[in-house]
Amino acid sequence: MPTDTQNTPTACLALADGTLFYGRGFGATGETVAELCFNTAMTGYQEIMTDPSYAGQVVTFTFPHIGNTGVTPEDDETADPVAAGMVVKWDPTEPSSWRSTDTLSNWLASRGRIAIGGVDTRRLTRAIRQQGAPHVALAHDPDGNFDTAALVAKARAFSGLEGLDLAKEVTCAQSYRWDEMRWAWPDGYTRQENAKHKVVAIDFGAKRNILRCLASAGCDVTVLPATATAEEVLAHNPDGVFLSNGPGDPAATGEYAVPMIKGVLEADLPVFGICLGHQMLALALGAKTVKMNHGHHGANHPVKDNDTGKVEITSMNHGFAVDSQTLPDGVLETHISLFDGSNCGIRLSDKPVFSVQHHPEASPGPQDSFYLFEKFANQMAARA
């Protein structure tokens, strides 16, 4: 180890192939093992870290200025960070934002999340694109003591996300009501006091802003755990059912979720799904899902609406995708990625049932995809 403590690496990222990246640790100390992905978004690092869809993953940020605007409780998508850790190019500077209430490093440390700065994220991103999302071990030790052989061994021992049901780990423990609407100047978050549609939202790892968008679209939202049965869903006598985003392998979560979705479909209710909810709706309809090489993670993904020809700039976060070649008769492909042609949306030809792979609540367009929540509300209104 170098004798100059200022130049001593205090964090190490070990890939399963034996590649090592050294840098400066911040946030919590210790070790974590996960899959490594990269995200190309220029903003929203706090929302990304608290997105339950990132369970089991360390996130490499391709944009170098991460942490410069600090953190604020208003931007949390769930109570605590869910992503296992973060990798950045430059160390976070002191926050420069009137909304900031704490530094990124303090926020991560208080919530047990490890981060590493000073990494060549371009090189790392190229490796992920060429070789697929690797398994990694990330360690932060202020003294710079690392057993690199042990870290590589731990990365190689990681089971990966295929076949892994993570929704049970991030879902709510019990049902609850939601009435908070989207943030708007100058009042911030306000409450929905004139809801017209009763919606049951299944929480596979739901982001708060999705629930806010539902409330803003006039929905009275009751959130149920991921393991809810069709009977439990229908007991609330909803006007529509929403299937949320979430982490892990949709086929694994689908073991218990697909029977519930099939039961809801038999009740002939409007259904709307996002991300993992989209994938499991497709499974319930008879399609298949596949693990992607490195997934889609970012806020600049162009998606084409096949029905209108319109192109939306969307936010993406998924490592699995619906195989469009397996869509059965009566299930139409509504959206495709203009990056690689992968499936980004489906709908039934004869029922008010639809879903999308991208995140319309994340406002990357900034409002290109909000119409999807309005579409869901209109479908419920048409059946009233």
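Visitor: Is R383 buried, partly exposed or exposed?
Guide: In this predicted model, R383 has a relative accessibility of 43%, so it counts as partly exposed.

Visitor: Which residue forms a salt bridge with R383?
Guide: The partner is D268, and the closest N and O atoms of the pair are 3.7 Å apart.

Visitor: What about the phi of D268?
Guide: D268 is not a glycine, yet its phi is positive, at about 60°. As background, most residues other than glycine have a negative phi.

Visitor: Which residue near 60° is another case of positive phi without being glycine?
Guide: C275 is one, with a phi near 60°. C275 sits in the loop between β12 and α9 (276-284). With a relative accessible area of 2%, C275 is buried.

Visitor: Back to salt bridges. How many are there in the whole structure?
Guide: A search of the whole structure finds 12. One of them joins R99 and D75, with the closest N and O atoms 2.9 Å apart. That pair links distant parts of the chain: R99 is in the loop between β5 and α2, and D75 is in the loop between β4 (57-61) and β5, 24 residues away.

Visitor: Are R99 and D75 buried or partly exposed?
Guide: R99 is partly exposed, since its relative accessible area is 26%. D75 is buried, with a value of 17%.

Visitor: Which residue does D307 pair with?
Guide: D307 forms a salt bridge with R347, and their closest N and O atoms are 3.3 Å apart. D307 belongs to the loop between β13 (289-305) and β14 (311-322), while R347 belongs to strand β16 (residues 343-348), so this pair ties together parts that are 40 residues apart in sequence. Salt bridges with shared partners also join E74, D75 and R99 into one network.

Visitor: N209 brings me to α6. How many of its residues are buried?
Guide: Seven of the nine residues of helix α6 (residues 208-216) are buried, so the helix is largely enclosed by the rest of the structure. The buried residues are N209, I210, L211, R212, C213, L214 and A215.

Visitor: What do those buried residues pack against?
Guide: They pack against β8 (176-178), β9 (197-203), β10 (219-225), β11 (240-243), β12 and α10. Just after α6, G218 takes a positive phi of about 95°.

Visitor: What kind of peptide bond joins W185 and P186?
Guide: The bond is cis, with an omega of about 5°. In general, most peptide bonds are trans. P186, like W185, is placed in the loop between β8 and β9.

Visitor: Which residues gather in the patch of positive charge?
Guide: K89, R122, R123 and R126 gather there, on the surface. K89 is found in the loop between β5 (85-87) and α2 (104-110). K89 is partly exposed, since its relative accessible area is 31%.

Visitor: Lastly, where does A299 lie, and what does it touch?
Guide: A299 lies in strand β13. Not counting residues up to four places away in sequence, A299 touches T40, A41, I313, T314, S315 and P364. The C-alpha atoms of A299 and A235 are separated by 37 Å, and these two residues are 64 residues apart along the chain.

Note on methods: Residues are numbered from 1 along each chain as its sequence is written. This is a predicted model: local features need pLDDT of at least 70, side-chain atom pairs count only at pLDDT 80 or more; totals for chains, interfaces and linings use all residues. Side-chain values use heavy atoms; hydrogens and water are left out. Patches are made of residues with over 30% relative accessible area and no salt bridge: like charges are joined within 9 Å, nonpolar side chains (Val, Leu, Ile, Met, Phe, Trp, Tyr) within 5 Å. Accessible areas come from the Shrake-Rupley method with a 1.4 Å probe; for residues, only the protein chains shown count as cover. A salt bridge is a side-chain nitrogen of Lys or Arg within 4 Å of a carboxyl oxygen of Asp or Glu. Lys and Arg count as positive and Asp and Glu as negative; His and the chain ends are not counted. The place of a charge is taken as NZ of Lys, CZ of Arg, CG of Asp or CD of Glu. Helices (H or I, at least four residues) and strands (E, at least two) are DSSP runs, numbered from the N terminus. Buried means under 20% relative accessible area, exposed over 50%, partly exposed in between (1.4 Å probe, protein chains only). Contact means heavy atoms within 4.5 Å.
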